[in-house]
Amino acid sequence: MKHHQSEEITDLEHCVANTQGGSQPYVLVLGGSIANPQQVFTIVEKTILPQNSLLKAVDICLKLVYVFDIHYQPKCSGAWQFLENVVYEFKGVVRSNLLHDFCMPCMALSDL
């Protein structure tokens with residue numbers, strides 16, 4: 001992160017604080033592209049956790065969901081279940097009632 005981002009971070013904090021969607025963790029990508037983002041965060045309970053990469057942000061997000069047994073939102077449950085079952089090989093986990101509001105779409109914002 002650059003040194004002169006304190007104003008940008010304040011704007012990010014304001015944006016996250018005013019986002020609806022509860023306490024479910026999500027990934028936020030700022031600037032650049034999904035393949036090469038400038039900044040990546042995992043957001044949980046309106047707390048901003050800066051990450052070094054998109055992969056790390058997704059990793060932390062999935063592990064938070066898993067540990068707190070949060071149900072996936074239907075429109076993104078397939079992707080999260082794939083990561084959970086195929087990539088991480090979490091065995092013996094049966095998730096039911098996948099209607100819980102979990103996933104805010106990853107946002108790629110070029111300039112805040």
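Select Tyr72 and Trp80: both are buried (under 20% relative accessible area, with a 1.4 Å probe and protein chains only). This is a predicted model, where local features need pLDDT of at least 70, side-chain atom pairs count only at pLDDT 80 or more, and totals for chains, interfaces and linings use all residues. Residues are numbered from 1 along each chain as its sequence is written, and side-chain values use heavy atoms, leaving out hydrogens and water.

Stay on the two rings. A search of the whole structure finds 1 aromatic pair (ring centres within 6.5 Å, using the six-membered ring of Trp). The centres of Tyr72 and Trp80 lie 6.4 Å apart with planes at 15°, so the pair is stacked (planes under 30 degrees apart).

Now widen the selection to the largest nonpolar core. It has 12 residues, including Val27, Val40, Cys61, Leu62, Tyr72, Trp80 and Phe90. Such a core joins buried Ala, Val, Leu, Ile, Met, Phe, Trp, Tyr and Cys through side-chain atoms within 4.5 Å. Strand 1 (26–32) and helix 2 (54–67) each supply at least two of its residues. Helix 2 gives the largest share, 4 residues. Helices (H or I, at least four residues) and strands (E, at least two) are DSSP runs, numbered from the N terminus.

Next, Leu62. Leaving aside residues up to four places away in sequence, Leu62 touches Tyr72, Trp80, Leu83, Glu84, Tyr88 and Phe90 (heavy atoms within 4.5 Å).

Finish on strands 2 (37–44) and 3 (47–51): antiparallel, joined by 5 bridges (pairing needs at least two DSSP bridges). Phe41 stands opposite Pro50. The two strands form a hairpin with 2 residues between them, and Glu45 in the turn has a positive phi of about 50°.

How values were computed. Buried < 20%, exposed > 50% of the residue type's maximum accessible area, 1.4 Å probe, protein only. Phe/Tyr/Trp six-rings, centres within 6.5 Å; stacked < 30°, edge-to-face > 60°.
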